[in-house]
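Here is a short report for a first look at this structure. Please keep the sequence and the 3D view at hand.

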Amino acid sequence: MSEPLFRDPEARVADRVRDLLSRMTLTEKVGQVNQRMYGWDAYERTPSGHRLTDAFRAEVAAYDGMGALYGLQRADPWSGVTAETGIGAADGARVSDAVQRHVVGTTRLGIPVLLVEEMPHGIQALDGTVLPVNLAVGATWNPELYEEAAALAAGQLRARGGHVALVSALDLVRDPRWGRAEECFGEDPYLAARFTEALVRGVQGPAGDRIGRDRAAVVLKHFAGQGATVGGRNSAATELGARELHEIHLVAALAGVRAGAAGLMAAYNEFDGVPCAASRHLLTGILRERWGFGGLVMADGLAIDRLVRMAGDPAAAGAMALRAGTDLSLWDDCYPRLAEAVRRGLVDEATLDTAVGRVLALKFRLGLFEDPYTGPRVTDRARVEGLSERVARESVTLLEHDGVTLPLAGRPVGTVAVIGPNADSVPQQTGDYTAPQRPGTGSSVLAGLRAAAPAGTDVTYARGCGLIGGDRSELPGAVALASAADVAVLVLGGSSARESGTRFDANGAAVVASGNPVEMTCGEGVDLAELALPEGQSALLDAVSATGTPVVVVLVQGRPHALPDLTGRAAAVLSAWYPGPWGGRAVADVLFGRSGPQGRLPVSVPRSAAQLPVFYNGKDHGYRGYVDQPATARHAFGHGLSYTTVEYGAPRLSVPSLPADRFDGPAPLSCTVRLTNTGARPVRETVQLYVRRVLGGTSWPRVRELRGFVRVELAPGESTEAVFPVDAAVLASFTYAGEWAVEPGAFAIGTGPSSQLTQDVRLTVTAAPTGRGTGRR
């Protein structure tokens, strides 16, 4: 009998998965949950092109199939793949198809292989378009722009034969000493959730049972709490209670799951003493049973091998992770032993079948069984590059300004002295997880300023100092250059550029110990105890500012550096983050006024590392500052200046009091604020909505929490109103009962240009007549 015409697509996939499972041997099943081979070991470059290696053929033969292959097209110093030995854009699809043809054509069941690639800010492959890092993306406060960029990046990945994009999205910068801060959208869960939703929509396309051939499956990293490790040290322990986990570290993950993310990657850290890859509470209890997630859970690189200390041997460690809910391994030696684990009774074969089924379901969702091959495709590289530059431009954040110096086009400038270790280096703008760039790709800040400078403006350059260390030998030349200029642009900060001499851990994290000459100050494995600018950069700042020439400081950075009080020393301070290869042009556009600064801080900028934590949404216990310095941030979360002034009116609520059960449906009230551009230049203003509980509730309240934002454009003298719906999601908190609910009490609702609000309005939520008041997120 033929299949019903309108049968549920998910049911059809489930039937096909069951059919395949019924025909698979134990060895074939184990092969489907393994991703143990490095993709760059699957091929070698020859004078006539690329050929598959014997090692790859042996790996496929060992399990009569292959679940997934990681990093076929990855290139960087850790993999050792260079422009001379790797796979360029012209060969990507052809090599991917060769891999797929071998797997499909030489195995008993012909199950296609998932080709998994890193796509943290563009595909990490030769000729892949690089986007600004996530911290820069977060500074745009523009999820719609990021969704468009993510869609084009996914199209590039799929055109080269990739299927699965690994993207950091779930971690939060709760401690900026952490080297992977650049991979986060910021410190706030609401902001991260909005960008995570945009990421899923962009990469995977419209929600549904199938992922289109121009899109990819996304695996969100890392689940969960990795941004809260003790001391900001990579992969260290976390000390999180259940409420902190749910209120802060699971919000973006839940948003991603609801948006339809194909997979999540379990984090390295532990929660409540159990590593995430082995946490049944996290991966099954919360993720699958409470949230209803049906997708794939992948382990991080070699994470399951770390469980041997707990389990006793590799087979037992693999069984522990499988029972917890980890479906797919990454490079470890434990999942290859799962057949042994089943035979020893350490895990049921039915549990293995469940994991295999999720891997197979994703392959069906991608359409690989119908058409596993890529074939020739064309992507609009120029459009992706243009979006990369636009994201960079919107991320530039003006932290301080004397109101006079910028934009440079508005004042007579004969000579601009561009100084600093980050002024003339494209690699130092691109961030970690970046493939080598072809010569001529991108624009440094120096090149961008030279191209943007009007006729008659001389742009001079001196490095001034090294990126690290305290050498002062280049200071005199820099000071002379600054003294002779009308304005000095001082480009400081850090770098995540991986160099050929960098040492790496087995999982690819950089090993940069004290005294190591490698100029890498951020990135995976590069955690700092001190957040101030290095000694040489600080000395350069002091010396150049002492010349009396107006100084514009541009920070190219992957974390917020602790900044001293620069009043009287710097006319302006901007953060350009790691803006990507074309970030130099974006910075130049902002400095010369072709574009106004639009960025807003996605993180709080500390005064020093000694005052950490400094995130804005901590618990409101009324603590005072330190004796020797304030406890407040140097620059608050959400802060960002423009080249004009915007006046905010007092926020107004449509209703001052409501019972809790009124929040069970659509937003029962709204908050409105009137804004006026009181300056002489147009502006795109990011209006932010914050909520603070002032009375009631079953947990101690936070100082303030972001619950909405909207971007409005205002011409000089123009006024408009920003209206925010106030629904359950705005007021809900995670209760003692372990659910999101709107609890009776009083709330202060405020609007403003940053988390440092000066005006708010009181809302009273009374008890519902039924005793209910839900607000499930």
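The text below covers a helix pair and then a sheet.

This is a predicted model, where local features need pLDDT of at least 70, side-chain atom pairs count only at pLDDT 80 or more, and totals for chains, interfaces and linings use all residues. Residues are numbered from 1 along each chain as its sequence is written, and side-chain values use heavy atoms, with hydrogens and water left out.

**Helix pair.** Helices (H or I, at least four residues) and strands (E, at least two) are DSSP runs, numbered from the N terminus. H15 and H20 pack at about 45°, with axes 8 Å apart. Axes are lines fitted to C-alpha atoms, for helices over the stretch in contact, and angles run from 0 to 180 degrees between N-to-C directions. H15 is therefore oblique to H20. Their crossing is right-handed. The table lists the residues in contact (heavy atoms within 4.5 Å).

| Helix | Residues | Contact residues |
|---|---|---|
| H15 | 381–395 | Glu389, Ala392, Arg393 |
| H20 | 583–592 | Gly583, Arg585, Ala586, Asp589, Val590 |

**Sheet.** An open sheet has five strands in the order S21-S29-S28-S23-S24. Its pairing is mixed. Two strands pair if DSSP finds at least two bridges between them. Strands S21 (657–659) and S24 (705–714) are the edges, and each pairs on one side only. Neighbouring strands are turned by 25° against each other on average, direction ignored.

Within this sheet, S28 (residues 745–752) and S29 (residues 760–766) run antiparallel. Six bridges join them. Gly745 has Val765 of S29 as its bridge partner.

How values were computed: Angles under 35 degrees count as roughly parallel, over 145 as roughly antiparallel, 65 to 115 as roughly perpendicular and the rest as oblique. A crossing is left-handed if the near helix is turned anticlockwise from the far one by less than a right angle, and right-handed if clockwise.
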